[in-house]
Amino acid sequence: MKIAVTSTGGSLDALVSEKFGRCQYFLIVDSDTMKFEAVSNLGEQMQNNAGPKAAELIINKGAEVLLSGHVGDKAENTLRKAGIKIVNGFTGNEKVKDALNNYLKTKEN
Amino acid sequence: MTISVASGKGGTGKTTVAASLASVIPQSVYIDCDVEEPNGHLMLQPKFTLEESVNKLLPEIDYNKCDFCGKCIEVCEFNALINLKFEILLFAEMCHSCGACEYFCPQNAITEIPKELGKLRSGITENGIKFYDGLLNIGEATAVPLIRKVKAKIDNEKINIIDSPPGTSCSMVETVKNSDFCLLVTESTPFGLNDLKLAIDVVKNINVPFGVVINKYDETFEEMENYLTENQIEVMLRIPFDRKIAEAYSNGILPVNNSDKIRREFIGLIATIKKKIKSNVTQMTQKKQIFAD
Amino acid sequence: MKQIVILSGKGGTGKTTVSSAFAKLLQDKITIDCDVDAANLYLLLKPQSRNQFEYFGGKKASINPELCTQCGLCESVCRFDALHNYVIDPLSCEGCGFCYRVCPDDAIEFTETKSGNYFECNLIDDSKFYYAKLLPGEGNSGKLVSEIKKSALTNVGENIKWVIVDGPPGIGCPVNASLSGADFVVIVTEPTQSGIHDLKRLIELLKTFSIKCGIVINKYDLNEKQTLQITAYAGKENIPVLGYLPFDKDYIEAIKANKTIVEYSSKAAKDIENIWSKVEFFMDISKN
């Protein structure tokens, strides 16, 4: 399963970004192998519709789940249309890999 | 002849001045371009005779033809389209109706369909003023296309008074450009002065001759007087700060209908503006002749 | 951190007077002036120092006459009346890029253009204050509002409790931009026909955002009948009236002295404090 995480850097040790539309990177992680691709978010510089544009990016990357701090309304609607599961509420104090592990653990239970 | 009434700061009395001018000119045309918050109708009380929809064009996608190539997304500078690969999502409020997506679609899958962006209302007042205003639909972001439609009601045979939106951005420029004269309404406060300077920059930039009306005038505010004298800017009318005027306004009564003195002053004002426009026209033709020589 | 946006619909009802009073009254805050067409708040808050940043509002097209073969295709596709005789009028260009993409001779350049400045300042109490200036006649004020808010709200310290936003007039694009992330909206209105008319349109807009709001009736004693009308309307819409401010020369004198009303008049300061405590109260209720 592909999981997208909003991130402040290009590695699994980077901190989670609480922002969605204007985060610096998306890490697209394959939860089976923990291999990942870091995609820089063009929307960070974008002035119009950054949220939906960011949603478009991770939809086109084939993600099924998104982990982030807060997703705006317009982006949320866009993601829901594409059937992506949104898990909000991660904070900027956790590393991407910890956020991932926490999510996978709660999923198992 | 077209006279626009504008101001950098809101609430200085633009609409009061514009409506007062229109009421002292026989058979004038009043055009309210403040389409976000049109108030002219509250002062002039026209009987509306017609209400038309003003539309903007939005892309509609024919999914029998669309292959989700993403060309439309690439050419949209406003990020109004999102490619979900099984649907092209449109954010209508972002769309500027430029038509690029329709033109560049390789599959000819896009047609533009009209969607209402606001209303254009026409009416007439009891004393024969032709009245037009625009009413932007709530939540709509771009006022300029509606302003263009409202401005198209200018009647070149008559004297047109245009009430501009406040500020100094695109809506104000769209309203004021090509006027024969612009009255800038300000008030005797540092806010009024600051915003007057900004508005003067704009009208100079678009080459519209202008004069200043000071509303809620207070002679003790010297900074404004000094600025105006230093820059040789003519004050065409001073309306004193008066609680009675404010109270009448709160009930939608114009000062020209409340005070003979102010009425006479507005009649004088329109005469001066007419003279100025005439002399501007002669100056322009003279200049052209000098060039031709 | 809570964000309070002050709006009015109609201009000149006293938005900046109320915003500046809140800014003076509160600690642990940042203040943002989002009226980028005609910024006035800095005149009262008197920033001590400022950093200037350039704002690029978007791209604009221009024709390189050396490459142009005058085919006229660009003019035929432009919907903004910006192209005449192979010259682009930058004031009319909306930056859609259609002409640039359609030109068969690659004669059109399409580049980011500067359309304003914004400023990061320190106030006398060491808090941060942001304001902006659009270049005359530029569009895209909504984008500049987003930009200034973005720059103000990144790297906000944890000690910041309040974000005070002085909003633009109207109900268009810049107002929408100023509302992003708002926790509460304070609407400043006046008991005039125009004030009420514009208040209703603004409230319609706020409903579409589902943001809680409250009303301050400024110059309430100018027309008590209309003040009652507003109060009744607010009751019907289930919107609290946060307070009433009088039609009083002190308010103008304060502005003329470049002072906030709370510095100028102790009576007005009390009124504003009362309004603020209601803001806090109704914001908390709205959370539940």
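## Interfaces and a helix pair in a predicted model

Across the interface of chain B and chain A, the rule finds 4 residue pairs in polar contact, with both residues at pLDDT 80 or more.

**Chain B with chain A**

Let's stay with this interface for a moment. Strand β4 of chain B, residues 81-83, supplies the largest share of the side of chain B that touches chain A, namely 3 residues. Sorted by class, that side of chain B holds 10 nonpolar, 2 polar and 3 charged residues. The rule also finds 2 salt bridges between chain B and chain A. In one that involves Glu87(B), the partner is Lys81(A), and the closest N and O atoms lie 3.2 Å apart.

**Chain C with chain B**

Now for the other interface. How many salt bridges are counted between chain C and chain B? The count is 5. Glu37(B) takes part in a salt bridge with Arg201(C), where the closest N and O atoms are 3.6 Å apart. Polar contacts between chain C and chain B come to 34 residue pairs, both residues being at pLDDT 80 or more. On the side of chain C that touches chain B, the elements giving two or more residues are α2 (41-45), α3 (73-77), α4 (98-102), α6 (173-178), α7 (193-209) and α9 (249-256) of chain C. Which of the elements gives the most to this side of chain C? That is α7(C), with 7 residues. By class, this side of chain C has 24 nonpolar, 22 polar and 15 charged residues.

Here are the two interfaces in one table.

| Interface | Residues in contact | Buried area | Share on carbon and sulfur atoms |
|---|---|---|---|
| Chain C and chain B | 61 residues from chain C, 62 residues from chain B | about 5100 Å² | 56% |
| Chain B and chain A | 15 residues from chain B, 12 residues from chain A | about 1200 Å² | 58% |

**A helix pair within chain B**

Inside chain B, helix α7 (residues 190-205) packs with helix α8 (residues 222-230) at an angle of about 20°, and their axes are 10 Å apart. Angles under 35 degrees count as roughly parallel, and α7(B) and α8(B) are therefore roughly parallel to each other. On the α7(B) side, the contact is made by Gly192(B), Leu193(B), Leu196(B), Lys197(B) and Ile200(B). Facing them from α8(B) are Glu223(B), Met224(B), Tyr227(B) and Leu228(B). The residues of this contact divide into 6 nonpolar, 1 polar and 2 charged.

Key: Residues are numbered from 1 along each chain as its sequence is written. Chains are lettered from A and ligands numbered from 1 in the order in which they are written. This is a predicted model: local features need pLDDT of at least 70, side-chain atom pairs count only at pLDDT 80 or more; totals for chains, interfaces and linings use all residues. Side-chain values use heavy atoms; hydrogens and water are left out. Axes are lines fitted to C-alpha atoms, for helices over the stretch in contact, and angles run from 0 to 180 degrees between N-to-C directions. Helices (H or I, at least four residues) and strands (E, at least two) are DSSP runs, numbered from the N terminus. Angles under 35 degrees count as roughly parallel, over 145 as roughly antiparallel, 65 to 115 as roughly perpendicular and the rest as oblique. Contact means heavy atoms within 4.5 Å. Ala, Val, Leu, Ile, Met, Phe, Trp, Tyr, Cys and Pro count as nonpolar, Asp, Glu, Lys and Arg as charged, and the others, Gly among them, as polar. Buried area is the accessible area (1.4 Å probe) that two parts lose on being put together, summed over both. A salt bridge is a side-chain nitrogen of Lys or Arg within 4 Å of a carboxyl oxygen of Asp or Glu. A polar contact is a pair of N or O atoms within 3.5 Å; within protein, one must be able to donate a hydrogen and the other to accept it, and residues adjacent in sequence count only if both atoms are side-chain atoms.
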